[in-house]
Amino acid sequence: MPLRALAPQASASANSATRTRSSEHGTTGAGAADYASTVTDTRTAEDKVVDICGDLVRIDSSNYGDGSGPGERVAAEYVATVLADAGLAPVIVESEPGRANVIARWEGADPNRDALLVHGHLDVVPAVAGDWQSPPFAADVRDGYLWGRGTVDMKGMDAMILSVVEELSQAGETPPRDIVLAFTADEEAGGALGAGYLTRTHRGAFDGVSEAISEVGGFSVTVDERRIYLLQTAEKGILWLRLTAHGRAGHGSHIHPDNVVTRLAGAIARIGEHAWPLVVTATPAAMAQSWQEITGRPLPLDDPIGLRRELGSTATWVEATLHNTANPTVLTAGYKHNVVPATASALLDVRFVPGHEDEVTSIVSELAGEGIDIEVVHRDVALETGFDGALVDAMSAALIAEDPGAGVVPYCMSGGTDNKHYSRLGIRGFGFAPLRLPPDLDFAALFHGVDERVPVDALRFGAATLRRLIRTC
């Protein structure tokens, strides 16, 4: 099978890579040149995916956002070994020591077609073990679920990708077009050291790529015993802001008409309590139309209770995409009980629907009021693309083939993904990490939550669906 190496500047720097697989295969290692192991795994993707996901979960790649975490290096070496086992030529690229990314190109049958980017991130948000029913990095399997941090966000999708690529490539199958694989660092802190770094410094790795798929799309909700899959075609933009009040320090027993803590508290209270109006952009409108065509019932975008009745817990996500939001998340002020401080600051997580960044920025500034400095800590774009094209058709067909009778609708995601970074290269991004979920599972609550877990059957379904897509993309 022809394989194309990446640009020479994207050189590997690992001394070794270790792949821990199921007990029947044992543990193998490889040198830096190609990360290859002696393992030839002839199981199907469905049979491999849970093992691979468990292996990745057991690698703690927590991202604390301040550089203090373990980094993604160990996870990247594992991924590189799996890809090398599949016959590809993966390359590890570090943006900083330990902050590792993996990229590889799988050459397709038609070199004249635009390439498809299939990407996932290797970092996870931190977990406090004492809050969990199962240790967050143990990857326990019980009650039909694989438990652990990253099982849904997003090592489960990483495992789907790896299991499918390994099965197909080892069997000698070639995808219809080139597929670029990227596994990145730092997505949970904005992606500057991951996808952002790759798109800035290794643009050649993405030559010819026009479309991408990644996390948080292709999952099911159940309506009247029929499953409808939400395919992500849009996501809100991000503004992480720091608000700071400056004043004069003084004794806590004195009168302080301009206390910075009071001034800041007033600002964040006004912002946090602001009632943002309903905003229906193109994607929720298209979702409502498709929903009615499939179910024969309207999707009541302006009625939170009705929305919950139709979508279950997924309504939490959808409702958030019908409003701009601004949530205070961190407060910092003072150092002693009897000292009024000279500064007080707060962090805001502001998310805006496509096309509304300027409006949201203006409103936040107005609500903050006089005497509050506003600093942009991190900003990233909102994305919105149409529910059309050959790739959308292929994703929909793959879902319906694996779940006959299902429906597929577009939706907007309230969070953000690395598709934001790749959009700067003109790449059209979708969320497609297919999962067939139980009707009673509060899927939205698992993202960044305690007791994160994924149904084993859902992972197997995802691997089968992704394999169909890779064969037809």
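Reply: First, a term: Ala, Val, Leu, Ile, Met, Phe, Trp, Tyr, Cys and Pro count as nonpolar, Asp, Glu, Lys and Arg as charged, and the others, Gly among them, as polar. This is a predicted model, where local features need pLDDT of at least 70, side-chain atom pairs count only at pLDDT 80 or more, and totals for chains, interfaces and linings use all residues. Residues are numbered from 1 along each chain as its sequence is written, and side-chain values use heavy atoms, with hydrogens and water left out.

Me: How do the residues lining the second largest cavity divide by class?
Reply: On a 1 Å grid over the protein atoms alone, a cavity is a set of points where a 1.4 Å probe fits but cannot get out; a pocket is an open set with protein on both sides within 12 Å along at least five of seven lines; lining residues have an atom within 4 Å of a point. The lining of the second largest cavity includes S61, N63, Y64, E72 and R99. By class, it has one nonpolar, eight polar and two charged residues.

Me: What is the volume of the largest cavity?
Reply: Grid points are joined across faces, edges and corners, and a volume is the space filled by probe spheres set on the points. The structure holds three cavities of 30 Å³ or more. For the largest cavity, the volume is about 100 Å³.

Me: Which residues lie nearest the centre of the largest pocket?
Reply: The largest pocket has a volume of about 1,000 Å³. Its lining divides into 13 nonpolar, 12 polar and 11 charged residues. Of the 36 lining residues, those nearest the centre are W240, D349, R351, G415 and H448.

Me: Which residues of α10 are buried?
Reply: Helices (H or I, at least four residues) and strands (E, at least two) are DSSP runs, numbered from the N terminus. Helix α10 covers residues 390-402. Buried means under 20% relative accessible area, exposed over 50%, partly exposed in between (1.4 Å probe, protein chains only). The buried residues of α10 are L391, V392, A394, M395, S396, A398 and L399.

Me: Why does S290 count as buried?
Reply: S290 lies in helix α6, residues 282-295. Beyond its neighbours within four places in sequence, S290 is in contact (heavy atoms within 4.5 Å) with V409 and P410. S290 counts as buried because its relative accessibility is 12%.

Definitions and conventions
The expected span of a helix is 1.5 Å times one less than its number of residues.
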